[in-house]
Amino acid sequence: MRKILQYGFIDLLRSKWMMGYGIVFFCLTSTILYLIGDFKQVIISMMYLVLYLIPLLSVILGIMYGYQIREYIAWVLSHPVSRKNVFMGYYLSLSLVLIIYFLIGMGIPFLIAGVLHSTSADAFAFLLIAGIVLCFIFSGIALWVVFGFDHKLLGLGMGLLIWLGMAVLYDVFFLIAVIAYQDYPLEIFAIVASMLNPVDLSRILLIAHLDLSALLGYTGAVIKSFFGTNGGLIWICAGYLIWLIIPVWRYMHITSKKDF
Amino acid sequence: MKKIFLFCFLAILTIKSRAGKIQVCASCEVQTIEKALQQAKPYDTILLRGTFRLDSAYTITMPLSIIGQQAVLDGQGKTGMWVIHANHVLIRDLILQHTGMSYVEDRAAISISKSNHISIIDVKIIQSFFGIYAYQSKHILIERNFFDGSGSSEFNAANGIHLWYCDSVNLIDNIVQHHRDGIYLEFTHNSEIRNNISSNNIRYGMHFMFSNNDAYIGNTFQSNGAGVAVMYSHHIQMKKNTFSRNHGPNAYGLLLKEIHDSEIKQNYFVENTVGIFMEECTRLNIIGNNIQSNGWAMRITGSSSNNEITQNNFLQNSFDVASLTANVQDNRFYENYWSDYRGYDLNGDNIGDVPFHPMRMFAYVVMRYDISVILLRSLLESLLNIAESVIPIVTPSKLVDLAPLMKPIQHD
């Protein structure tokens, strides 16, 4: 697995698409930092990039890369190597490269601007954590799609649909449910529903630090204890753990049985 | 003429010489405060040293100065310490503790009733029910005191400084914490509240009702259960105060109810659930405030009218302004800086060329369906806001800053 990881990693690190991904982040972050200046405001703007752009780019880049190496993997598998190691190696190299370019692209401008000495250091740390976890989750989803759908266009469409569903449609249905069932206590539903979607989960992790004042305006003990104490953080970690496992487990499951 | 001066001088000297000092301590001639109060003549000074345990409060019925020299008065959970029922009384440098609580009487460490010219300076009041309770009194100075209540809920706590039907009160440099309301004023006029710190109180940091012509300047109100409430008053000046971290479903940095003809200037509102809440307010000038990182910067009910909101900085609030009514009655927003403003300035006069609508669609959604606050900063929120800005339907179109600033204002 180390060899696979090593080759996949170097291959991806040198990929122009991946470099472009890093450069996009670097430019956007630097521009926003330069234009706005105030760390909290910048972090709020970057939050949209992390929450929506990272999943989108991870899915697209992952799917493109996946279809590119599918035939090569089939060839590798004709050798006496463990399937598990091959697929795990490619998953890890994809997600690690995405994370590295994300960290370089977003971290360096912030560090140069001196975020660590500001009051927004903890919000920045959570922004990085959310970005890293989303890279892992969505590269897993990308590879799962690649080996679930043999047709490239179908796979890409599916990837985009998953992104659209998690980023927008899920929230639309959530809002419709809230309006439809407004007469009922919805606190627990709201929190559980948010945990079932990795994008919402990350968003909650971040707004708990950026918009606590507004969240605590809601009259309800569950919300108050979720956001007002560290209990919420434990639940978010648990949700993350589940979301880290599900795509990889499905991907490993599909690939272990797949007949190339 | 000279003789008259000389006479006056001598007269003053004789008055001065009449004011004696009575020392009270365990090894002194006078060992109890009762005895000292019996012996005292008007304008005497009583000096206290050591610890005194009280079974009932001492009543002051003549002009006196009571000064502590490391003195502690302990109510043993049974009683308050001083009941002032005389003019010209000074209480200074004492530690008053353990009044215990009472549901029967308004038990206070220091009660002031129908007395004028009272000064209470450098007193530390610890674990008291009421700290200072004054009624129908005038010209009171309360300076550099420290109040730490013992309350844990609204029912077993009382107010730190409670003023009822008073006039011309100066509250300066006090620290009040863990009471029900830190500072409470009702029917108290012509007073000044300056540089106090009121924090961690169960209900309001300051509660202010039917009190006109008052000024509060440079105070800090932090982490109180419900912030500061100013109600049913007019001609109030609020300047350079800090309202911070008042979190909760009904917590406001500043709650204004039926206030008119008042000024709210150069205050700093930070991290409150609602920065300023206005209900039935008229002719307020809200000028030059910094309103930063609040859940809602301002909430205005439809019954507020003729208010001027200008030269303020609205920075990084989750929601800027919210109002559920379509008609925003002549509340004029102009020349404020909004960190969410995305307009441009072609002629370079630092005033944006596109009007700013501070009320967003999503704010309306959250006001109607409050649990949807959990969708804050989602893509859906942005989509809703964009849709509404293209075709405004539900947000009040008159709620608009026609001349938003391009750069934040630097307040000192």
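A residue is called buried here if 20 or more other C-beta atoms lie within 10 Å of its own. With that in hand, I opened my notes on this predicted model.

**Entry 1: chain B as a whole**

I began with burial: 47% of the 412 residues in chain B are buried. Next I looked at the secondary structure of chain B, which comes to 4 helices and 35 strands. I took the extent of the chain B C-alpha trace along its principal axes and got about 85 × 60 × 30 Å. Among contacts with a separation of 6 or more, 48% join residues 24 or more positions apart.

**Entry 2: the two domains of chain B**

Which segments make up the domains of chain B? I find domain 1 at 21-222, and domain 2 in two pieces, 226-359 and 396-412. Their C-alpha centres lie 36 Å apart. I then looked at how they meet: 20 residues of domain 1 of chain B are in contact with 20 residues of domain 2 of chain B. On the domain 1 side, β19 (206-209), β20 (215-217) and β21 (220-222) of chain B each supply at least two residues. The largest share of that side comes from β19(B), with 4 residues. By class, I noted 9 nonpolar, 9 polar and 2 charged residues on the domain 1 side.

**Entry 3: where chain A meets chain B**

I turned to the contact between the chains, where 28 residues of chain A touch 27 residues of chain B. From chain A, the elements giving two or more residues to this side are α3 (39-77), α6 (152-180), α7 (187-195), α8 (198-210) and α9 (212-215). Helix α6(A) gives the largest share, 8 residues. I sorted the chain A side by class and found 17 nonpolar, 6 polar and 5 charged residues.

**Entry 4: the nonpolar core**

How many residues does the largest nonpolar core have? I read off 193. The residues with the most contacts inside this core are A:Ile43, A:Leu127, B:Ile110, B:Ile132, B:Val228, B:Val230 and B:Leu256. Helix α5 (residues 121-148) of chain A supplies the largest share, 18 residues. Why does this core lie between the domains of chain B? Both domain 1 (21-222) and domain 2 (226-359 + 396-412) give residues to it, so the core lies between them.

Setting aside neighbours within four places in sequence, I see B:Leu256 in contact with B:Val230, B:Ile276, B:Phe277, B:Met278, B:Glu279 and B:Cys281.

**Entry 5: the record for chain A, and confidence**

I looked up the unreviewed UniProt entry, which lists "transmembrane region" for residues 20-37, 43-67, 88-112, 124-147, 159-181, 201-221 and 233-252 of chain A. I compared two of these stretches with the model. Residues 20-37 of chain A are 94% helix and 0% strand, with end C-alpha atoms 25 Å apart. Residues 201-221 of chain A are 71% helix and 0% strand, and there the end C-alpha atoms are 20 Å apart.

For confidence, I noted a mean pLDDT of 91 for chain A, with 100% of its residues at 70 or more. Helix α10 (residues 221-228) of chain A has the lowest confidence in the chain, at a mean of 82, while α6(A) has the highest, at 95.

**Entry 6: single residues**

I stopped at A:Gln6, which sits in helix α1 (residues 2-13) of chain A. Is A:Gln6 buried or exposed? I count A:Gln6 as exposed because it has 12 C-beta neighbours inside 10 Å. Its C-alpha atom is 54 Å from that of A:Tyr184, 178 residues apart along the chain.

B:Phe187 is not a glycine, yet has a positive phi of about 55°. I place B:Phe187 in the loop between β16 (183-186) and β17 (192-194) of chain B. B:Phe187 is partly exposed, with 16 other C-beta atoms within 10 Å.

B:His235, also not a glycine, has a positive phi of about 55°. I find B:His235 in the loop between β22 (227-234) and β23 (237-239) of chain B. With 16 C-beta neighbours inside 10 Å, B:His235 counts as partly exposed.

Notes: Residues are numbered from 1 along each chain as its sequence is written. Chains are lettered from A and ligands numbered from 1 in the order in which they are written. This is a predicted model: local features need pLDDT of at least 70, side-chain atom pairs count only at pLDDT 80 or more; totals for chains, interfaces and linings use all residues. Two residues are in contact if their C-beta atoms, placed from the backbone, lie within 7 Å. Ala, Val, Leu, Ile, Met, Phe, Trp, Tyr, Cys and Pro count as nonpolar, Asp, Glu, Lys and Arg as charged, and the others, Gly among them, as polar. UniProt positions are given in the numbering used here, feature names are shortened, and annotations may be inferred rather than shown by experiment. Domain bounds come from an automatic or database domain assignment. A nonpolar core is a set of buried Ala, Val, Leu, Ile, Met, Phe, Trp, Tyr and Cys residues joined through C-beta atoms within 7 Å. pLDDT is the predictor's confidence in each residue, from 0 to 100.
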